[in-house]
Amino acid sequence: ALPISTTKTTTITAKDAISGQSLLCDVFVNDIKRIEIRTTSRDLIVDDVPKSLQVQAFDVKGNVFTSLSHHPFVWRLVSFDGKDDPSVYSRILSYLDSRYETSQANLKLERIGMKGDMILVEGLATGLVKVEATLSHSIWKHVSSCDVILQVIENVHLF
């Protein structure tokens, strides 16, 4: 049996006062069922460019949300083995303090001390680190946090 969808829909109409031309847009709003961290690679290179990690959200049917803009997240570096301090291996960078681009929504959240759906992670020393993301608003308490394990490796130079 297919899961029951909680999708809410509405149609927005805009009308040009001069031409009389109307535009219609259907908007679909749904509940988040689960989140995942998306990355192009699970490797981080020591003293290299930081890696961008982004949260993707899915509804009950597995459909991907087009945007998580303006949703604050709690991002944490977590010990991979429960013993080591994860800040030895990597750190989360602020987009405000970097030369990398992100959405205005992420920048706005960073200006008030929060993080959005996308972060930068920098490799500091070789090892394994777990990066965890959680939706921070209480209306999403039913959504489990997600994590990704990154391997921090040395930059190998071949001569």
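**Salt bridges and an open sheet**

Arg-76 is partly exposed, its relative accessible area being 42%. In this predicted model, Arg-76 forms a salt bridge with Glu-132, and the closest N and O atoms are 3.0 Å apart. The two residues belong to distant parts of the chain: Arg-76 is in strand S6 (residues 73-79) and Glu-132 in strand S9 (residues 127-135), 56 residues apart. Glu-132 has a relative accessible area of 16% and is therefore buried, since the limit for that class is under 20%.

The search of the whole structure gave four salt bridges. Another of these joins the side chains of Glu-122 and Arg-91, at 2.5 Å from N to O. Because Glu-122 lies in strand S8 and Arg-91 in strand S7, this pair ties together parts that are 31 residues apart in sequence. Glu-122 is buried, at 16% relative accessibility, whereas Arg-91 is partly exposed, at 41%. A salt bridge also links the side chains of Glu-36 and Arg-34, with an N to O distance of 2.4 Å. Glu-36 is partly exposed at 36% relative accessibility, and Arg-34 is partly exposed at 36%.

Strands S7 and S8 belong to an open sheet of four strands, in the order S3-S5-S8-S7, with antiparallel pairing. Strand S3 (34-38) and strand S7 (90-93) are the edge strands, each pairing on one side only. On average, neighbouring strands of this sheet are turned by 30° against each other, direction ignored. Within the sheet, strand S5 (residues 51-58) runs antiparallel to strand S8 (residues 118-123), and four bridges join them. Ser-52 has Leu-120 in S8 as its bridge partner.

How values were computed. Residues are numbered from 1 along each chain as its sequence is written. This is a predicted model: local features need pLDDT of at least 70, side-chain atom pairs count only at pLDDT 80 or more; totals for chains, interfaces and linings use all residues. Side-chain values use heavy atoms; hydrogens and water are left out. Two strands pair if DSSP finds at least two bridges between them. Axes are lines fitted to C-alpha atoms, for helices over the stretch in contact, and angles run from 0 to 180 degrees between N-to-C directions. Buried means under 20% relative accessible area, exposed over 50%, partly exposed in between (1.4 Å probe, protein chains only).
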